[in-house]
Amino acid sequence: MTPTTTRQWSIQGQTGFDNLKFNASAPIPKLGDHDVLVKIHYASLNYRDLAILKNNYPFPLNLPVVPGSDGAGEVVAVGPRVTRFKVGDKVVTLFNQGHQAASLTIPSAATGLGGVLDGTLTEYSVFDQLGLVEMPCTLSFQEAATLSCAAVTAWNALFGLEGKPLKAGQVVLTQGTGGVSIFAAQFALAAGATVIGTTSSASKAEILKSLGVQHVINYRDDPDWGETARQLTQGKEGVDFVIEVGGVTTIKQSLKAIKIDGVIGIVGFVGGNTPDQPSFMDVLSQICTVRGLYVGSRLQFEDMNRAIDANNIKPIVDRAVFSLEELKEAYQYMWDQKHFGKLTIKVAS
């Protein structure tokens, strides 16, 4: 029997994590002709989820909204005109539901799950069939629930710029050990690239090395880590790609590291803000591309999933797993930076 209610959270404001409100029996929307009802088994959190509640998110919002963009689950019902999925299929959510292929547009940028549209921190949710992708067959629900935002963003950063995809033998610089950076390292290594990682933790440095990262720089011990990264490259020319997650607090070092005609993919702003920011001339003098990213398309997601299966790539998942009812505790755990890799929520009861 198709369920009619669901356990779910909603965001009611932007003054902190106390604006998360739980409803044990929220009504499930009626299925439209092209809709799919999914039982969410696992979801995962991103820095973006925290930023929304801290009133530090620059993209469209429509509150109140069910939080969460990332989720993996099982199809339990379909509308009469659904052709892409059937009951029992395992699926993963697309971050921007309207971003199907090619470049993001203004309308598709306003279709983000957990921001404009109701997201994944609910046991049952309704999605348009075009807002889902088939789950990689080599991953569990928990592992697949980490892909929608961080993994697709990393894939887009490395392979999404037309005419300039990452190639074997090139060098990628990643920052920290959050989800995007870890996925970028895994994808780059699978493609035959060299990876230089940064972290402030000796224990996390060892984990990066265990993944195959060839060089690790402690950015607290070495504040000029961008120049250090450049020195590690052939001919000291610089790195081909930078996965820029810190934002204005790290971009100066990224510009020091990048080679002529290299690509800096700006994917985050976890470092906060500072008045001391690089200028237009800093970018021009490095003769590089600085590219803003907002996740990626459904077609990129599907390309990525094929690569995950072909290369047996396993997402790095934090050892802590929270229940749906423990969501506030999960947010605080991530805010306190206690996680390594992706933090997951067991949604289904």
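**Close-up views of a predicted model**

**View 1. Strand β8, helix α5 and strand β9 make a right-handed β-α-β unit.** Helix α5 covers residues 179-190. Helices (H or I, at least four residues) and strands (E, at least two) are DSSP runs, numbered from the N terminus. A crossover is called right-handed if, with the strands pointing away from the viewer, the path from the first strand over the helix to the second runs clockwise. This is a predicted model, in which local features need pLDDT of at least 70 and side-chain atom pairs count only at pLDDT 80 or more, while totals for chains, interfaces and linings use all residues. Residues are numbered from 1 along each chain as its sequence is written, and side-chain values use heavy atoms, with hydrogens and water left out.

**View 2. Strand β9 (residues 194-199) pairs with β8 and with β10.** Strand β8 (residues 171-175) runs parallel to β9 and is joined to β9 by five bridges; two strands pair if DSSP finds at least two bridges between them. T174 has G197 of β9 as its bridge partner. With strand β10 (residues 215-218), β9 pairs in the parallel sense over four bridges, and I196 stands opposite H215 in β10. From β9 the chain crosses through helix α6 (residues 202-211) to β10, in a right-handed β-α-β crossover. Five of the six residues of β9 are buried, where buried means under 20% relative accessible area, exposed over 50% and partly exposed in between (1.4 Å probe, protein chains only).

**View 3. R7 and E123 form a salt bridge.** Their closest N and O atoms are 2.9 Å apart. The pair links distant parts of the chain, 116 residues apart: R7 is in strand β1 (residues 5-11), and E123 is in the loop between α2 (106-109) and β6 (124-128). A salt bridge is a side-chain nitrogen of Lys or Arg within 4 Å of a carboxyl oxygen of Asp or Glu. R7 counts as buried at 14% relative accessibility, and E123 is buried at 6%.

**View 4. E302 and R84 meet in a salt bridge.** The N to O distance is 3.6 Å. E302 lies in helix α10 (residues 298-311) and R84 in the loop between β4 (70-78) and β5 (90-93), so the pair ties together parts 218 residues apart in sequence. R84 is partly exposed, with a relative accessible area of 28%.

**View 5. E237 and K259 meet in a salt bridge.** Here the N to O distance is 3.5 Å. E237 lies in the loop between α7 (225-231) and β11 (239-244), and K259 in strand β12 (residues 258-266). E237 is partly exposed at 46% relative accessibility, and K259 is partly exposed at 21%.
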